[in-house]
Amino acid sequence: MSRFLFALASSTALVGTGFAQSADDAPRVEAPVLVTTPGPNRSADELIGNATRLDREDLVESLASTLGDTLDSQPGVSSTFFGAGASRPILRGLGAERVQVLTNGIGVIDVSAASPDHQVTADAIDAEAIEILRGPAALTYGGQAIGGVVNVIDGLIVEEIPDQVIGADLFTAYNSVNEGTELAANTRLTTGNIVVTLSGSLRDFDDYDIPDFAESSLLRAAEEAEEEEEHGEEDEDHDEDGHGEEEEVRGTAENSFVETATLAGGISHVGENSFFGIAIRQQTSEYGLPGHGHEEGHGHDEEEEEHGDEEHGEEEGEEEESPFIDLEQTRVDLRGGVDIDGGVITGLLGSVAFVDYEHIEFEAPGETGTVFETEGMEGRFELDHSIAGFDGAIGIQFTDVEFSAVGEEAFISPTDSELYGIFLYETREWDSGFGVEGGLRFETVERDNVDAGIVDFDLVSGSVGAHRHLDGGWFAGVQVSYTERAPTETELFAFGPHLATDQFEIGDPTHDKETGINLEGTVRYTTDSFSAGINVFGTEFSDFTFFTPGVLIEDGEAVTEEDGLPVFVSVQEDATFVGGELYADLTVDGLLGAEWEFGGSLDLVEADLDGDGNVPFIPPLTVNLGASAEWGAFEIGADVTVADEQDDPGAGQFETDGYTLVNLRAEFDLSDVGLGADGTEIFVEARNVTDEEARLATSVLKDLIPVPGQNIRVGLRATF
């Protein structure tokens with residue numbers, strides 16, 4: 001199967017090359033300019049690493065209820081998928097503690113990396129753009145960015161005077177799969193040098209439909225075998241643990257509702273060569289935790305309940321509901337910069353964010369289970385310079401975060417974390433097309449745990465790369481990097497039941513820092529109408545940190561279960577990751593009177609432990625193919641995702657079947673008929689057209705619920 005998929009994607013790229021030779025009049029494929037990289041802004045085709053930028057139009061088209069699910073069709077990106085309420089992006093098989101999620105270049109400062117059921121507070125629904133960055137520049141964000149950086153740009157603080165005095169962007173959509181609505185609005189007012197930006201968003205999704213059983217066939221078979229062993233015969237109704245009842249759940253992913261609301265505003269002063277602004281963002285979210293229900297309660301009925309802390313989900317008959325999370329975050333951002341013409345110093349950029357975060361996990365109506373709180377700040381200052389032909393930045397970063405968890409499922413005790421870092425990033429281009437780039441970062445991380453005391457780490461990371469622009473549109477590059485990462489609070493101090501993963505987790509405060517040596521190479525080809533590239537990489541980890549089945553010493557005896565959950569311990573072992581991405585885009589004019597766009601990508605990651613095992617939750621080989629045709633104001637398109645089976649799941653995990661997802665889209669550009677500005681459109685989509693049962697190998701819920709079934713999505717975007 002893997003060979004077939006690789007051949008399919010390779011053939012697509014080769015066919016595209018043939019078309020490109022006869023499409024001289026097609027629009028040029030332009031590489032996006034990235035702002036996440038330190039130093040001068042550079043386009044994606046100038047970087048050795050594989051970088052992506054999604055603008056507002058792209059986000060509306062791919063928007064899902066969580067950040068990871070919105071981005072999972074991008075090359076090298078997958079999702080931790082915890083139902084409709086929570087997910088983080090995974091880059092090249094690395095996620096959570098190894099992927100830095102940012103808002104405007106500063107960390108999100110939430111608890112989403114601590115557990116897959118914790119929602120990341122960066123949301124694409126009201127974002128202006130999202131950038132995904134890998135390679136040498138990503139390391140200037142620290143060891144937590146060893147997998148890469150995802151930067152959500154909300155546009156609340158502007159750096160340039162807008163072209164229009166008043167501008168607005170409105171988006172709304174309806175989804176049939178969950179009877180859900182989405183709404184986002186943004187407006188911008190300019191008076192003199194002052195720019196005021198206001199934005200808000202709402203999302204209200206009920207439980208989503210699924211093709212068949214909630215539980216996978218492998219899990220149902222295992223439960224049936226266990227019941228037969230325990231009871232001597234299959235229980236057709238339900239056993240004392242309720243498994244029989246859960247086996248019959250089908251057609252709906254129970255307790256998968258999600259509601260979000262954001263309200264934000266920013267004000268900026270923009271001068272001729274400088275800007276300064278402040279922004280405030282208030283975000284709330286309430287979402288169910290599917291796959292971990294108690295009794296028969298559905299957990300979400302908007303017609304019969306108030307969504308309050310103690311009243312949420314009360315249903316007739318006083319049925320006990322499934323758990324849900326009520327989240328709130330307030331964030332204040334300060335950001336400013338100045339461009340300096342001439343001399344060694346070319347610019348200064350500074351950002352500081354203050355965050356107050358809390359989420360409450362409710363186990364039953366009015367019954368508070370666990371309260372997670374994070375309060376902290378992060379700052380980052382960069383000094384841009386130009387010395388002897390090198391352009392770059394030197395900067396500092398500091399973080400001070402207080403974390404606490406109180407309640408029955410507080411598997412991590414309160415921990416204060418401080419980080420101080422200094423970084424340097426340089427790049428240079430010669431007229432010959434040869435260029436170099438690299439970065440160096442020193443940082444200290446201190447974690448002060450209420451039980452284990454202080455654990456600190458001194459970390460060094462660095463990278464260097466070289467590339468060459470060749471005649472005929474070719475680009476080739478290679479880079480090597482060394483990264484050190486401090487273990488997280490979970491990896492160090494966890495001790496207790498973690499129901500999101502159905503594990504009793506035990507951390508290890510004696511862990512050493514994790515190190516990785518990465519080698520990456522890239523070759524790209526670009527013409528006026530065609531672009532293609534391949535990135536291959538290999539990473540050797542020392543002391544790679546992960547959770548695996550283990551034992552707990554209790555009363556002098558080793559036990560493998562505690563509180564009815566299997567014991568998983570945090571261990572360190574050397575590991576090897578190898579893989580790559582193959583991607584291509586083609587534009588053709590005139591075929592059937594339309595302007596055509598074709599695109600495709602292939603992702604592959606293999607991750608093995610040196611102790612002859614597999615790293616858990618690694619994405620399978622995945623192919624994404626897409627095509628669209630535009631006739632004036634009307635456009636149609638189709639996308640296909642083909643994922644191979646994951647038969648190397650890691651210890652304690654089932655294998656995961658492959659799947660094929662088909663999406664269709666049609667849109668009408670209203671600006672072509674004089675309604676609204678460019679980007680105003682109505683659209684209709686059919687997602688998962690064939691109602692395929694798809695389970696993500698990267699999700700801890702993969703055997704408890706699949707991704708949503710067939711969904712008809714209709715919407716409107718209006719810009720003024």
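**Exercise 1. Is phenylalanine 81 buried or exposed?**

Solution. This is a predicted model, in which local features need pLDDT of at least 70 and side-chain atom pairs count only at pLDDT 80 or more, while totals for chains, interfaces and linings use all residues. Residues are numbered from 1 along each chain as its sequence is written, and side-chain values use heavy atoms, with hydrogens and water left out.

Step 1. Recall the cut-offs: buried means under 20% relative accessible area, exposed over 50%, and partly exposed in between (1.4 Å probe, protein chains only).
Step 2. Phenylalanine 81 has a relative accessible area of 4%, so this residue is buried.
Step 3. Phenylalanine 81 belongs to the loop between strand S4 (77-79) and strand S5 (89-91). Helices (H or I, at least four residues) and strands (E, at least two) are DSSP runs, numbered from the N terminus.
Step 4. The phi of phenylalanine 81 is near 30°, a positive value in a residue other than glycine.

**Exercise 2. Locate glutamate 179 and state whether this residue is buried or exposed.**

Solution. 
Step 1. Glutamate 179 is in the loop between strand S10 (166-175) and strand S11 (180-191).
Step 2. Its relative accessible area is 54%, so glutamate 179 is exposed.
Step 3. Glutamate 179 has a phi near 50°, which is positive in a residue other than glycine.

**Exercise 3. Which ring does the charged end of arginine 380 sit over?**

Solution. 
Step 1. A charge sits over a ring if NZ of Lys or CZ of Arg is within 6 Å of the ring centre and within 35 degrees of the ring normal.
Step 2. The charged end of arginine 380 is over the ring of tyrosine 141, 4.0 Å from its centre.
Step 3. Arginine 250 lies over the face of phenylalanine 213, at 4.1 Å from the ring centre.

**Exercise 4. Describe the confidence of the protein chain.**

Solution. 
Step 1. pLDDT is the predictor's confidence in each residue, from 0 to 100.
Step 2. The protein chain has a mean pLDDT of 88, and 88% of its residues reach 70 or more.
Step 3. Over residues 234-247 the pLDDT is below 50, and this stretch has 20 contacts in the model beyond near neighbours in sequence. A contact means heavy atoms within 4.5 Å.
Step 4. Residues 293-319 also stay under 50 in pLDDT, and the model has 62 contacts for them beyond four places in sequence.
Step 5. Where pLDDT is low, the predicted coordinates should not be read in detail.
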